[in-house]
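Here's a request: take a slow look at the chain and its fold before reading on. Then we can walk through a few spots together.

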Amino acid sequence: MKSLLILPILVGYGVTALSQAVVTGKIIDQETHEPIPGVTVAAGGHGTFTLADGSFELVMRNKPDTLELRCIGYCTRKISVGNEPLVMATLAPATTTMHEVVVTASRDLQTRGEVALAIDKVTIADLNDTKPTLLAEMMNKVPGVLTLNYNNEQHGMSIRQPMGTNPYFLYLEDGIPMRPMGVFNHNAMIEMNLLAISGIEVVKGPASSFYGPEAVGGAINFITQRPTAIPTARLGLQLDNFGYRRVQYSAGATPLKKLGFFVGGFYASQRDSWMTYSDYDKNAINARLDYLATSDTRITLAAAWNDYYSQTPGSVDSIAFYNRQYVSMSDFTYREVKALRIRLSTEHYWNDRNHTTLHIFYRDNTIGQNPSYAIRWNRGKPTAVGEINDNSFQSGGFIAQHVSEIIPSRVKLIGGASVDYSPNTYRAYRVDLAAQLRPDGQSVEKYTIVKERPDVRISDYDATLVNSAVYVQGEVRPIEHLVFTLGGRYDNMTFEYDNLLDHSSGTKTYQKVTPKIGVVYSINDGAGVYANYSIGFAPPGLTSIFRRKPNTEPAEFYYELEPATFTNYEVGGWISLLSNTLDVDVSLYRMTGRNELLHVRQPDNSLDYQSAGRTTHEGIEYGITYRPNAQWMMRLGATNAIHRFDNFALSTRPTDPVQNVNGMRMPAAPSWVANAEAMYKPEWIKGLRVGVEWQRMSPWYENQVNTFKYADRGFLGMKGVSVLNLRAGYKWKGVELFLNVMNATDELYAFYTTRGNSDGDRATFTPAPPRTYVFGIQYNFLGKFGDEY
């Protein structure tokens, strides 16, 4: 009897089970082909989310005809289900600024509209459309950023600071600093692999409260490519008319259900270029494995290797520059870099409201050079001196972070800690040079080595750096569209040292608490405003501390330098107009500095380091992007800024003609920098793109006493720098051809000019390349993914 009663129940359950429909599938990024986690998959009042590998399973009573796919940072899309066993679909990244997803603001996913600071993003689509030879080409597209091309991937950076080599920027790879605090290198992008990047995020203004010291002018985060959900590969060749050749490659896939990989890199070589003595070679490779241990835990093992050697021709004098005689004054200077970075990362989601990330990292880095910028010569003398130096470090450390939504959608808390242990050695000694003078005796035509002098040491130290930090940031959303952010970080930089120049040893500590307060209000889905207050902090680099001071008798071998502090006030906003076809993003800032580290150029071209006085940096940054339809994109990114000495003493010697530069503009600081671009992708020729780009820098002072300006005329007769670049490409199936014409009108201009403060000092010029034709061909392979490829 019991069996007869149970039978209808079992039959009922069976009928219910049979009536259910299960829809499974995978969602990937249209540009990077990486799986997208967290996509909302909805139909008929039912919904689910994709997992870390982009997969989903949706259970419904009846199989739907269509699915709606929604995800932060992507365009919403509806797709047909059809009769396929798996639903495969791609999502296109959002094109409006405030809907872009960023991770650099908090090492966690956020939309731009939730962040109370100035942050911009370079996407993989931007990289694909530009086909850059140098990372500088991408950085200059960001409003408020100027990256100077010192040739052969050498560069200087300017974000809310003058142009040049100042140490107030933090370079990161996947949120991890590329170098330890205290061992700054303005050329750190040499150590990056352009072919392994899927995006770049730039935080402008002090980010010390989250990322620590050196993140004053800004933080640049290079986001590397993750394993692709489908098999992908590319092989390409890029070359120009001045002897540059590059072979580039990459491959990615997820061959096992839980394991994926990506590998990418390039080998570049340059011979007999437009500038004499400028050959170089670079081999760069990145590799990454992602393992999905469980649906809540991802483990990543990543490594990057860069091997770089370059002859360094340096700058030229005015005679050579204006006669387009791109002849190096030296044929012995060089830079050699070997950089290895390895990280093991684990990300675990405890539940919907809590997740933890742990990064364990290792670095091994060596830079050896005979730098042209270190040559010291007194006007009229037939002799000069240079130096050979070597800077090496190894690092081990960790960064741990936990994110908790204490009250869902209302209160979020982020906390973290880091330790970085980095033994560092630095050696530098003198090189005696002969100077072949021009007929007037006022400048040098050529330097030659007379003798290397390892017995005359310029700098010689061993140091063990230990950088430790703890940070916390809270976000409170009292109402739906209003977010308050309050954060702070404590940093401690301690190093034990042996200064082998004066046989001194000891321990030095720099420490600081840096706060940040911010508020952001989203007026609607297409507009918002923000304001923030933050403190930036940067201790001096070790190479600035342990160095023989110029023109001191008896010789002094140690600089007592104070850490620099910066106070930043900022407001900004964004708005999307004309049915989301026009985006406008604006930031206004005022940043005051104390004890900013500055290089005072001496008459013999040597540098004296000072960290004293007060400075002001203030300006407006703005970006305008207009996409009237799928064929056209036009944009302008620019900044108007003032960089000023408020109170800064150059000398305390009463016999010196200039005692201070109070109230003067800082050198190498154009008041207006802009980059504009128009891109056309005609629907009637699928795969074709044509673009034009304009780079603009207004005139700037060449010295600290504001007596000389660089104001040569460029494209359209504009003073300063005005350059036109052209780009075109065509993609047919898997084959891609492209042509870039850089400096299309063949302007004579310099990326950087400088001179000393004395009346008789001559300017030196870092010349920019003449008209350059860059040609490339690349084959892209994409494995089948539904009906989309």
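## Before we start

This is a predicted model, in which local features need pLDDT of at least 70 and side-chain atom pairs count only at pLDDT 80 or more, while totals for chains, interfaces and linings use all residues. Residues are numbered from 1 along each chain as its sequence is written, and side-chain values use heavy atoms, with hydrogens and water left out.

## Strands side by side

Let's begin with the strands. Strands of a sheet pair through backbone hydrogen bonds, either parallel or antiparallel. Here, strands (E, at least two residues) and helices (H or I, at least four residues) are DSSP runs, numbered from the N terminus, and two strands pair if DSSP finds at least two bridges between them. Strand β18 (residues 244-256) runs antiparallel to strand β19 (residues 259-270), and 11 bridges join them. To get from β18 to β19, the chain makes a hairpin through two residues.

On we go to the next neighbor. β19 is also joined to strand β20 (residues 280-294), by 12 bridges, and these two run antiparallel. Phenylalanine 261 has leucine 289 in β20 as its bridge partner.

## A three-strand sheet

In what order do the three strands of the open sheet sit? The order is β22-β44-β43, with antiparallel pairing. β22 (316-317) and β43 (750-754) are the edge strands, so called because each pairs on one side only.

Now zoom in on one of those pairings. Two bridges hold β22 against strand β44 (residues 764-767) in the antiparallel sense. Aspartate 317 has threonine 764 as its bridge partner in β44.

## Patches on the surface

Patches are made of residues with over 30% relative accessible area and no salt bridge, where like charges are joined within 9 Å and nonpolar side chains (Val, Leu, Ile, Met, Phe, Trp, Tyr) within 5 Å. The areas come from the Shrake-Rupley method with a 1.4 Å probe, and for residues only the protein chains shown count as cover. One nonpolar surface patch covers about 940 Å², and its members include Leu235, Val247, Leu737, Phe775 and Phe781. β17 (232-240), β42 (735-742) and β45 (772-782) are the elements that give two or more residues to this patch. Which strand gives the largest share of the nonpolar patch? That's β45, with five residues. Phenylalanine 775 sits in β45 and counts as partly exposed at 39% relative accessibility. In this scheme buried means under 20% relative accessible area, exposed means over 50%, and partly exposed is in between (1.4 Å probe, protein chains only).

Arg665, Lys709, Arg713 and Lys719 gather in a patch of positive charge on the surface. Lys and Arg count as positive and Asp and Glu as negative, with His and the chain ends not counted. The place of a charge is taken as NZ of Lys, CZ of Arg, CG of Asp or CD of Glu. Arginine 713 lies in the loop between β40 (709-710) and β41 (721-732), and it is exposed, with a relative accessible area of 54%.

## Salt bridges

How many salt bridges does the structure hold? There are 41, each being a side-chain nitrogen of Lys or Arg within 4 Å of a carboxyl oxygen of Asp or Glu. In one of them, glutamate 173 and arginine 341 bring their closest N and O atoms to 2.9 Å apart. Glutamate 173 belongs to strand β13 (residues 169-173) and arginine 341 to strand β23 (residues 334-351), so the pair ties together parts that are 168 residues apart in sequence. Glutamate 173 is buried at 11% relative accessible area, and arginine 341 is buried at 7%.

Another salt bridge links aspartate 462 with arginine 427 (2.8 Å, N to O). Aspartate 462 is in strand β27 (residues 444-479) and arginine 427 in strand β26 (residues 411-437), 35 residues apart. Are these two buried or partly exposed? Aspartate 462 is partly exposed at 26%, and arginine 427 is partly exposed at 33%.
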